[in-house]
Amino acid sequence: MHELEIKVPASRPGSYKVAVGSGFLANLWPQIKSAFGHRRPFVIADANVVAAGHLDTLLGGRPVPHFVIDPPGEVSKNITTAVAIVEAMEKAYLGRDTVVVALGGGTVGDVAGFAAAIFKRGVPIVQIPTTTLAQADSAIGGKTGVDSSVSKNAFGAFWHPAAVYVDVATVRTLDERQYRSGLTESVKHALIADAEYFEFLEQKMDVILDRQGEVLQTLAQHNCAIKGRVVEADPDERNQRRMLNYGHTIGHAVESASNYRLLHGEAVAIGIVAAGRIEIEMGLSEPGRLERVTTLLSRLGVPVTLPPDLDAEKLIDLIRHDKKAIDRWPRFVLLGQLGRVHCPDGQYALEVDRRIVEKVTQSMVDDR
Ligand SMILES: NC(=O)c1ccc[n+]([C@@H]2O[C@H](COP(=O)([O-])OP(=O)(O)OC[C@H]3O[C@@H](n4cnc5c(N)ncnc54)[C@H](O)[C@@H]3O)[C@@H](O)[C@H]2O)c1
Ligand SMILES: [Zn+2]
């Protein structure tokens, strides 16, 4: 098993381990018990993760109190679910000596992390991500939260995990569309931080789509190392961590303008292409870069053009309302070169002339 350590900053005690391997879920429980033996575990999964057999594999028949989020997915990522989880923990007579174990995708991880952050003023959380998105992105970094009826992640807390166990074999049961969509975050990581990793994705895309254990482990190691490094440097997203929002400014707007018919990674793929066009407009792109990126995303099978029914006005309006906006106009993360974010004066998120953004958005609309 490959291990790396995330050093949580000085303001907090300790650090946490991220273990990456393939097919170790069935043998993981004793490890969790030995790492958190003095704590009583409470496992949170969702109905699809249970149906795929992962909860049984993890628990191996042990009688451990657990909560199954049902229906699965974003619809249940709300405060009602968080309250139900906290109350289930109380009813199981758990206290401050609990360790919460989240087994699932980003939805489970975010809700479970939030529940752990608020239960008895905070108990440790172990993340066992089971989607390509969660393994690459959400399980590491300590952002937890639930949606309100108005916006995504309206309630939340930074609550860093006590440990992360990435068993890449768990993503084999994921449906094809979710699998591919989540891999967009891997492409994003390569683009912002590691040109060689980008080449690896170009070379191995077919094997990755075949979900072969060895290549998935290499992928997970790269993702965890990149995300871990960025989070370590800036755990509370004051500056550097913003680079993880590459492709997300327009991506979030596209996701929302599609009324969430597009999956997150699919919308981010479109956002990455839009960022690439902005880079060209600003003279930041080397020749052929956007074509390379678009080709890789197309091979991944995520969209690189806007859906036909998405209206440009609404999109611009949504970009303006990006929650990270300053003066009602959002900042953009842009690449200076493949594998490196452009950060003049140490700023990772930059203001872009709104005429450029409007021009690029219009060009995306015209090209669909
Ligand atoms: N905390 C963060 O830093 C962060 C970062 C990125 C995204 N997110 C959040 O993550 C969420 C999206 O994550 P996601 O794409 O993993 O969604 P998800 O957890 O909803 O999983 C997608 C679908 O796959 C199912 N599933 C999960 N694992 C499975 C498996 N192994 N086999 C079969 N089915 C499985 C789920 O039940 C769900 O239907 C969003 O809410 C987003 O806001 C958080
Ligand atoms: Zn994302």
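This is a predicted model: local features need pLDDT of at least 70, side-chain atom pairs count only at pLDDT 80 or more; totals for chains, interfaces and linings use all residues.
Helix 8 and helix 12 pack at about 20°, and since angles under 35 degrees count as roughly parallel, the two are therefore roughly parallel to each other. The axes of helix 8 and helix 12 sit 10 Å apart, and helix 8 passes helix 12 in a left-handed crossing. At the meeting point, L201, E202 and M205 of helix 8 face L296, R299 and L300 of helix 12.

Now for helix 12 itself. Residues 289-300 make up this helix; at 1.5 Å a residue its 12 residues should span 16 Å, and the end C-alpha atoms are 17 Å apart, which agrees. Which residues of helix 12 are buried? They are V293, L296, L297 and L300. Those four cover an arc of only 95° around the axis, which puts them on the same side of helix 12. As a rule, residues three or four places apart in an α-helix point the same way, because there are 3.6 residues a turn. The buried set packs against helix 7 (176-193), helix 8 (195-209) and helix 11 (264-281). Just past the end of helix 12, G301 takes a positive phi of about 90°.

Two of those partners, helix 7 and helix 11, also meet each other. Their crossing is left-handed, and at roughly 40° helix 7 and helix 11 are therefore oblique to each other. The contacts include S181, G182 and K188 from helix 7, and H264, G265 and I272 from helix 11.

Here are the two pairs side by side:

| Pair | Angle | Axes |
|---|---|---|
| Helix 8 and helix 12 | about 20° | 10 Å apart |
| Helix 7 and helix 11 | roughly 40° | within 6 Å |

Note on methods. Residues are numbered from 1 along each chain as its sequence is written. Chains are lettered from A and ligands numbered from 1 in the order in which they are written. The expected span of a helix is 1.5 Å times one less than its number of residues. A residue is buried if 20 or more other C-beta atoms lie within 10 Å of its own, exposed if 12 or fewer, and partly exposed in between; C-beta atoms are placed from the backbone. The arc is that of the directions from the helix axis to the C-beta atoms. Two residues are in contact if their C-beta atoms, placed from the backbone, lie within 7 Å. Axes are lines fitted to C-alpha atoms, for helices over the stretch in contact, and angles run from 0 to 180 degrees between N-to-C directions. Angles under 35 degrees count as roughly parallel, over 145 as roughly antiparallel, 65 to 115 as roughly perpendicular and the rest as oblique. A crossing is left-handed if the near helix is turned anticlockwise from the far one by less than a right angle, and right-handed if clockwise.
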